[in-house]
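The entries are in the order in which I looked things up.

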Amino acid sequence: MRAARLIRMALLVQSSPGLTAAVLARELGVSERTVIRDAQALQEAGVPVRSERGRTGGYHLAPGYRTRLTTLAPPEAETLYLSGLPAALRDLGLSDAADTARLKLAATLLPSLRAAAESSVRRFHLDAPAWFREPSAPELLPQLARAVWSDRAVELSYARPGRDDAPARAVTRLLEPYGLVLKAGVWYVVGRVPDGREEGGGAWRTYRVDRVTALAPAPATAGPFSRDPSFDLAAHWQAHAAGFARALLRTTVTVRLTERGLRRLPAVADPAAVAEALASATAPDPTGRVTLDLPVESEDVAFGQLTGLGADAEVLAPEGLRGRFREHAQTLAALYGTDPADGGRRPPARSAASPAAGPVIPSPSPRGQR
């Protein structure tokens with residue numbers, strides 16, 4: 001465990017000279033005191049790691065020194081070949097470059113490692129888009145990716161969806177594109193509004209790339225924008241996604257659920273909404289049912305979600321949604337309480353004790369099995 005950490009620390013210092021103890025501690029998942037001890041251990045092992053003070057300080061290797069720790073182990077080679085997303089690279093216009101890079105990497109590996117790396121491609125495949133969705137690359141994605149790579153501000157036109165079935169509204173924004181995110185087959189661009197350029201300067205924005213209708217270099221930009229070195233794309237996206245999902249839950253419905261309905265609730269509702277609802281759930285009543293407040297996007301969404309639970313869910317409030325379920329239940333009763341072969345009339349009720357009913361003959365089991 002420690003040996004692997006020491007190797008990683010040496011490689012980090014070699015690839016990024018000047019890293020501070022705080023940065024190395026964060027990258028390695030240890031304390032700064034442990035980083036200092038590890039640096040001493042590397043020095044004792046013959047790796048000339050030194051710490052410098054001042055603005056340009058941090059940890060460095062002696063000038064001209066290069067570690068010989070870059071040989072890949074078989075699991076590392078296998079993992080490296082799994083790290084690419086062919087569909088994503090194709091969307092970004094980088095598939096040819098990725099193929100060339102893999103060929104160059106394969107040429108530098110030992111034959112045994114080359115076989116290990118190639119075997120992973122035959123055994124694992126990642127299909128990012130969700131089911132029942134035809135993946136398509138946004139037309140402007142490669143152009144936007146070049147702006148991300150080169151840190152160039154852009155002016156984009158965006159079709160903002162309207163609310164309540166209103167038509168989309170075209171908006172134009174200046175944006176410093178910091179990164180691209182692929183979520184369930186959908187590309188998003190994350191960027192910052194340039195300071196002083198328009199209202200909301202310095203604010204972070206996220207846009208779906210397939211809704212970007214036009215893209216051009218930002219006017220009057222002489223060169224790349226200055227990136228915020230503290231920006232972490234993965235952490236920003238995680239916080240944004242959680243906040244976005246919670247912001248959609250603008251309505252609350254009160255539901256009484258059976259034990260089975262409670263088990264099935266995570267399959268039909270948003271995970272964050274379910275977690276919040278379970279925190280407010282009452283103790284089971286004598287029939288085993290619990291009552292909880294479920295955050296939902298709207299009453300329409302709640303109707304679609306809770307319909308899937310059938311009689312295991314009873315809506316108590318709001319009254320409009322409860323009335324909608326009542327009408328739905330009456331419609332189903334009218335539909336399934338009639339016999340189409342009998343002209344739509346409700347079939348007479350039969351009792352096992354009635355002579356007219358005749359003997360009860362069990363239905364045959366599937367495939368003739370009892």
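The notes below begin with the ground rules and the overall picture, then go to local features.

**Ground rules.** I am reading a predicted model, in which local features need pLDDT of at least 70 and side-chain atom pairs count only at pLDDT 80 or more, while totals for chains, interfaces and linings use all residues. Residues are numbered from 1 along each chain as its sequence is written, and side-chain values use heavy atoms, with hydrogens and water left out.

**Confidence.** I looked up pLDDT, the predictor's confidence in each residue, from 0 to 100. The chain averages 81, and 77% of the residues score at least 70. Confidence is lowest in helix α4 (residues 74–82), with a mean of 61, and highest in β10, at 96. Over residues 350–370 pLDDT stays under 50, and the model has three contacts beyond four places in sequence for them; a contact means heavy atoms within 4.5 Å. Where pLDDT is low, the predicted coordinates should not be read in detail.

**Overall.** I found 13 helices and ten strands in the chain. These are DSSP runs numbered from the N terminus, helices being H or I with at least four residues and strands E with at least two. Of the 370 residues, 29% count as buried; buried means under 20% relative accessible area, exposed over 50%, and partly exposed in between, with a 1.4 Å probe and protein chains only. Among contacts between residues at least 6 apart in sequence, 57% join residues at least 24 apart.

**Aromatic pairs.** I counted rings of Phe, Tyr and Trp (its six-membered ring) as paired if their centres lie within 6.5 Å; planes under 30 degrees apart count as stacked, over 60 as edge-to-face and the rest as tilted. The structure holds seven such pairs. In one of them, Tyr178 and Trp204, the ring centres are 4.8 Å apart and the planes stand at 80°, so this pair is edge-to-face. Tyr178 is in strand β4 (residues 169–183) and Trp204 in strand β6 (residues 204–208), so the pair links distant parts of the chain, 26 residues apart. Tyr178 is buried at 3% relative accessibility, whereas Trp204 is partly exposed at 28%.

I then looked at Tyr188 and Trp237, a tilted pair with 5.2 Å from centre to centre and 45° between the planes. Tyr188 belongs to strand β5 (residues 186–192) and Trp237 to helix α9 (residues 233–248), so this pair ties together parts 49 residues apart in sequence. Both Tyr188 and Trp237 are buried.

Tyr178 and Trp204 also belong to one aromatic cluster with Phe225 and Phe231.

**Charge over a ring.** I took a charge to sit over a ring if NZ of Lys or CZ of Arg is within 6 Å of the ring centre and within 35 degrees of the ring normal. Arg324 lies over the face of Phe303, at 4.3 Å from the ring centre.

**Strands.** I used the rule that two strands pair if DSSP finds at least two bridges between them. Strand β8 (residues 251–257) pairs with strand β9 (residues 290–296) over seven bridges, in the antiparallel sense. In this pairing Thr254 stands opposite Asp293. β8 is also antiparallel to strand β10 (residues 313–317), over four bridges, with Arg256 opposite Glu314.

**Asp38.** Which side chain does Asp38 join by a polar contact? I found Arg5, at 2.7 Å; a polar contact is a pair of N or O atoms within 3.5 Å, where within protein one must be able to donate a hydrogen and the other to accept it, and residues adjacent in sequence count only if both atoms are side-chain atoms. Asp38 sits in helix α3 (residues 32–44) and is buried at 1% relative accessibility. Leaving out residues up to four places away in sequence, Asp38 touches Arg2, Arg5, Leu6 and Met9.

**Asp228.** I placed Asp228 in the loop between β7 (212–217) and α9, partly exposed at 27% relative accessibility. Its side chain makes a polar contact of 2.8 Å with the side chain of Ser230. Beyond four places in sequence, Asp228 touches Tyr178 and Arg192.

**Backbone.** I noted a cis peptide bond between Ala317 and Pro318, with omega about 0°. Pro318 lies in the loop between β10 and α13 (319–336). Asp151 is not a glycine, yet has a positive phi of about 55°. Asp151 is in the loop between α8 (141–150) and β3 (154–160) and is buried, with a relative accessible area of 18%.
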